[in-house]
Every structure is written in C-alpha cells, then in structure tokens.
Amino acid sequence: MKIFLSALEGSEAFDYINERIDRYLYNLMSFYYLTKNDNYKEILRKSEEVMIDSGAHSFQKGKRVKWYEYTESYAEWIKKHDCDKILGYFEMDVDNVIGYEKVLELRKILLKATNKIIPVWHKNRGIEDYIDMCKNYEFDIVAISGFKNEDIVDSQYQRFVNVAHKYGKKIHGLGMTRIDILDKVNFDSVDSSTWLQGVVYGRIDSLRFNKRVSRRFSKEFAKENRKEIMYIAYLEAMEMQRRYLYK
Amino acid sequence: MKFIEDYKIEDIKMWENNPRKNDEAVEKLIPLLKKYGVINPVIIDQHGILRAGHTRIKALKKMGRETVPALIVEFKDEAHAIGYSIADNKSVEWAQWDFKELKEIIGELESIDFDLEMIGFDKDEIDKILIYGAIYEEDDEEYLLENYEEPEKPKKICPWCGREI
C-alpha cells in the first residue's frame, strides 16, 4: 500500500525539509497550493510518484467560488505539467456544495485535459453509482473518502475495496490514515497529512510496533524548533510509507 | 541454537495455552507436508516445549510421522518464549499478496500442469485470482447494494445548554 504524504508543498518548513531530503517517496499535492508557489517543481522532481488533489475543499473556505474558472485553470495546469510520475488527478468532488450534476460537468472539463482523472465517490451519489464507477469508469484508479463516518462505516471499507478490485480498479482512500483500518483493509493507496497535524499540536507521531506513538514537546521548545520538528515528523512519516509499502 | 534433524515428536511438549486455533489448518497442511516434506524446522525451547510449529506437529502426528527437524532455542525466560511464539504467528499476517503478480505466477504454474492444489490456496480462491487478479467475496457487490450503511456523523451537543449544535 502506498501512503502519499500531503501538505508538503504548502508547508512553512518546505525549504528546510527539502534541503535535507534527497529523495521523496510518494507525495500528494493540492492544486490550490500549486498556484501559490513553485515548491511543486522540487517535489515532482524528487518524488517516486505524485498524486494531485483538486484543492477544491481548501479553495472554497469562506469564499464565493467561481467553480468553472477554477476547474479550467486546474485543467490548464494538468495540460502543461502532466507526466508519468503523476499517477492521477482527483476530480472536483464538491458534491456537498454544488451537487453531483455540476461535479460531473466539471469532470468533463478535466477529462479534456487528461484521462487520468480520479473520481471520488460520496454517499450522495448512491451505492449504485459506486458499483457503476468501478465497472465502467475508464481510468483505473477510483477513490473513496477515508474520513471517519463521512461516507462509509469502518466495517464496510473492505467490501468497497473488494468491489473495486473485482473490476480491476485500484482504490485510493482519501484522508485514510487510521492504522486500525490500514492494517485490515487493502487499499492500493491512501494519503495523509497527519505528519503535519501532529506538529501543530506540539508532537511528532511515529509508528512503533504498528502502534502510533507520540512524542510531545513544550510550547516553547516547539516554537523555537518548529522547522526541525516538522522535518523529523516528515522523516517519521516516510518511515511509515516504507513500512506500509509491503502491506 | 542447535539443529536436530530427527527430533522425536513424542518428546515434544505442546504449549497448552497456545491461542491459535489450528485444527482446520492441520487438514489443509497434511497434503502439503506429504508433497514437500518438512522443510521448515519447528522451534523448541530449552525445556522441550514447542514454541513454533504447532500445526505442523499436529499434522505430522496424524500422518504417523515419528520425527521432525527442530531448532532448539534457549530463550531468556518463559515470557520471551511466549512473546516469540506469538510474534512468529502474527508476523505472517503483515505481508500482503500482490495479486496481479500472483496471478502471473499461478498462470505459469498452471501452464506446466503443476498441481495447483499444492500451493495452499483453495480452488475457489485460485479461480478468482486467475480470472480477476484478486480475491473478493462473490456477494460483495450484492451485499453493498442491499446493506450499504450510511454513516451518521456523531451529533455535537453544546456542553452548556445541552442542545444539538
């Protein structure tokens, strides 16, 4: 299972981390941040594989959003930068804001740029739509949400994965980083920003004997050594990537 | 650590509290042991207690075998011996199959008429791997169509007024 680490491109410690790591494994970058800085160039150059998220959920926060314009610029970026290292691009899965019909229209815009558009199933689309996506969608990666109690109850994840595999699809768990689920369910890939979230709360998460353990820091220490802590947290997350690669 | 090629099975003390339930596995293992023999030695501690290989020993007893290759290991104490025994069983679960790769390999074995019942998967599983490159339950799709459970976000209750937020 490949774990794609997210949020590196927008991290305040990007330069500090990037100077110290020669090769990354798998990174997930958000189109929203790709327009804000050039960090993606280094990440793309040094990563084994990359996935790109639409960033739609970051983009919409507290704003009136021009969805078509945003999607057009996402498609333009894809046309310019697509390469073999980029496994796929997540669609604009903002069903909860504009509804599935419009999401499908946005998907069409993206599909003009590449066929590597990853559909992200949400419960509002109905379970028949999930089966149909696994059977008939033309690209070989599909995605479901891994956030607890968002679209899928924990006990049914494996069933979803099985159906995807039955139809030859690889399945990505968006934001799925719960160890108890990762150990039981054979997703092909997932993504995680928990390396960064831990730092926000003054801790570094590590995986020891398949259990997540945290090292906590005092506020003062965390403030003075913030970038170093982020760097160590990223290294720990890479260790987790290596560990799960063979699961 | 000492290797004994012909350790007497009747001298082995089984670990009575072994938490692994292996009776079904014993039946599956017998034909494989007949085909390949015991290639992997069992682990016995300094007191003659079996620490890894319970399924093999049960199967060999059923087959009427009197000896087994064994490694005698001196554990620091009983806790270490038990810890090892659990870890030995658990670590097998860590690795996962690359079913696409496995499909290729099984396909090659099939092409040379190798007896596919001798690779540990049952016939139904082999069919699924060869056809779909995956093992899935036949009824997963139907199951989801009929039993998909829409999760409910846990309600947030205001700690002050007790109302739902």
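Predicted model: local features only at pLDDT ≥ 70, side-chain atom pairs only at ≥ 80, totals over all residues.
Me: Why is Glu104(B) called exposed?

Reply: Exposed means over 50% relative accessible area. Glu104(B) has a relative accessible area of 51%, so the residue is classed as exposed. Glu104(B) lies in helix H4 of chain B, which spans residues 99-111.

Me: What makes the surface patch that includes Glu104(B) negative?

Reply: The patch is formed by Asp98(B), Glu101(B), Glu104(B) and Glu108(B). Asp and Glu count as negative, so the patch is called negative.

Me: What joins S6(A) to S7(A)?

Reply: Two bridges join these parallel strands, and at least two are required, so S6(A) and S7(A) also count as a pair. Ile144(A) in S7(A) is the bridge partner of Trp121(A).

Me: Why is S7(A) described as largely enclosed?

Reply: Buried means under 20% relative accessible area. Five of the five residues of S7(A) are buried, so the rest of the structure largely encloses this strand. Ile141(A), Ala143(A) and Ser145(A) are buried on one side, and Val142(A) and Ile144(A) on the other.

Me: Which order do the strands of the chain A sheet follow, and why are S5 and S6 called edge strands?

Reply: The open sheet of nine strands has the order S5-S4-S3-S2-S1-S9-S8-S7-S6, with parallel pairing. Strands S5 (117-118) and S6 (120-121) of chain A each have a single partner strand, so one side of each lacks a neighbour in the sheet.

Conventions. Residues numbered from 1 in each chain as written. Chains lettered and ligands numbered in written order. Heavy atoms only, no water. Patch = residues over 30% accessible without salt bridge, like charges linked within 9 Å, V, L, I, M, F, W, Y side chains within 5 Å. Areas by Shrake-Rupley, 256 points an atom, 1.4 Å probe, with all protein chains shown as cover. Salt bridge = Lys/Arg side-chain N within 4 Å of Asp/Glu carboxyl O. Charge placed at Lys NZ, Arg CZ, Asp CG, Glu CD. Helix = DSSP H or I, 4+ residues; strand = E, 2+ residues; numbered from the N terminus. Buried < 20%, exposed > 50% of the residue type's maximum accessible area, 1.4 Å probe, protein only.
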